[in-house]
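Hello,

Here is the structure for your files. My notes on it follow below.

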Amino acid sequence: RFQVVTVMDPDPDVAATVAARAGARATTALADVLDDPRVEVVAICSPHRFHAEQTIAACRAGKRAVLCEKPFALAVADAEAAVAVSRETGVPVMVGTMHTYDAGWQAVLREIAGTPGGPSATLGEAWGIHTIRSSIVLPPNVRMEDFATEVTGRPAGGPAPDFADVDVRAGIVHGGLMGVAIHNLPHVRALLPAGGELVIHEAVALAPFGYHIIATYGECRIEWHCRMYETWKPDWVLEAYGPRLGFTVDFTPSYVQAGSARAAVHSPAGTTVCPVAAVNGYVAEWAALARLADPADGGRLAPETLVADLRFALLVADTAAEFVRKGGGQ
């Protein structure tokens, strides 16, 4: 469905090496990507702080679609500006939360599609979700990256973080939520009742990298847990429970093409185990991008959803980090 024609990286050696693998042109200038008429879709995989401005530039260039890696931006105002330009230019934008497109998550949504509260009800309101747990235990990213591909130009590792410094701990919690939990924060938001207030009861930075957070949102209790350390077995689970329904989704790890999530829906009538697909959320995400770029398809994402997802992610990350700074996360 796609052919790589131009690769841009600020490091010319990285750009040339990666481009050579795909028989593509290498460049260190974003303008070379945007001015290339062969480039119809732009994938933005830069550091977070560049996402919004590069999305805007790609929309202004009149491309057929833009895939922006998560998070969409580092400020809600920046996301709103990008969405405004997307509307103005007619260039659709999607954010790369690949678990949204994973066949396991989609199967769960199909199983619980008959929302008793009506089409305007959130899943949380419809099913009275009272407990949500997101647990992520992973080897270091470098191990998964090296398993999945050849990495070029990886920066040298810095010193170990000083966990005695409260700002370091707050930064780890914030960075972990915006870099790891961000995969599932849109799903958590969909499960919450409308109009609730987020309260953080515990937020702790875990060594060597991770977080443990207990929160409530209205009547719903949420646990976010992540730890990345020298383990051999990845485990990535999102589960939620209400009085009449529960589900468990066990996602495959990032970077690795290991099929879709394993999902099960629980109810008083029993447990329905959803079929496992051969492809994971990455492949499904790019298939969705192809449909988005096809004028004949007619499918368009609701841009306000992208802003709402970012607003919720920043609310969680900012509130948890502030909790740590005030001495709540020793």
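**Strand pairing and helix packing**

Valine 41 stands opposite alanine 65 in E4. This is a predicted model: local features need pLDDT of at least 70, side-chain atom pairs count only at pLDDT 80 or more, and totals for chains, interfaces and linings use all residues. Residues are numbered from 1 along each chain as its sequence is written, and side-chain values use heavy atoms, with hydrogens and water left out.

The sheet comes next. Strand E4 covers residues 65–68 and pairs with E3 in the parallel sense over 4 bridges. Strands (E, at least two residues) and helices (H or I, at least four) are DSSP runs, numbered from the N terminus. Two strands pair if DSSP finds at least two bridges between them. The sheet is open, has 3 strands in the order E3-E4-E5, and its pairing is parallel. E3 (41–44) and E5 (93–95) are the edge strands, each pairing on one side only. On average, neighbouring strands are turned by 15° against each other, direction ignored.

Helix H10 (residues 281–293) lies across E3, E4 and E5. H10 runs at about 155° to E4. Axes are lines fitted to C-alpha atoms, for helices over the stretch in contact (heavy atoms within 4.5 Å). Angles run from 0 to 180 degrees between N-to-C directions.

Now the helix pair. The axes of H4 (residues 76–89) and H11 (residues 303–325) come within 10 Å and cross at roughly 170°. H4 and H11 are therefore roughly antiparallel (over 145 degrees). Their contact residues divide into 7 nonpolar, no polar and 4 charged. Nonpolar means Ala, Val, Leu, Ile, Met, Phe, Trp, Tyr, Cys and Pro; charged means Asp, Glu, Lys and Arg; the others, Gly among them, are polar.

Best regards

Methods:
Parallel < 35°, antiparallel > 145°, perpendicular 65-115°, else oblique.
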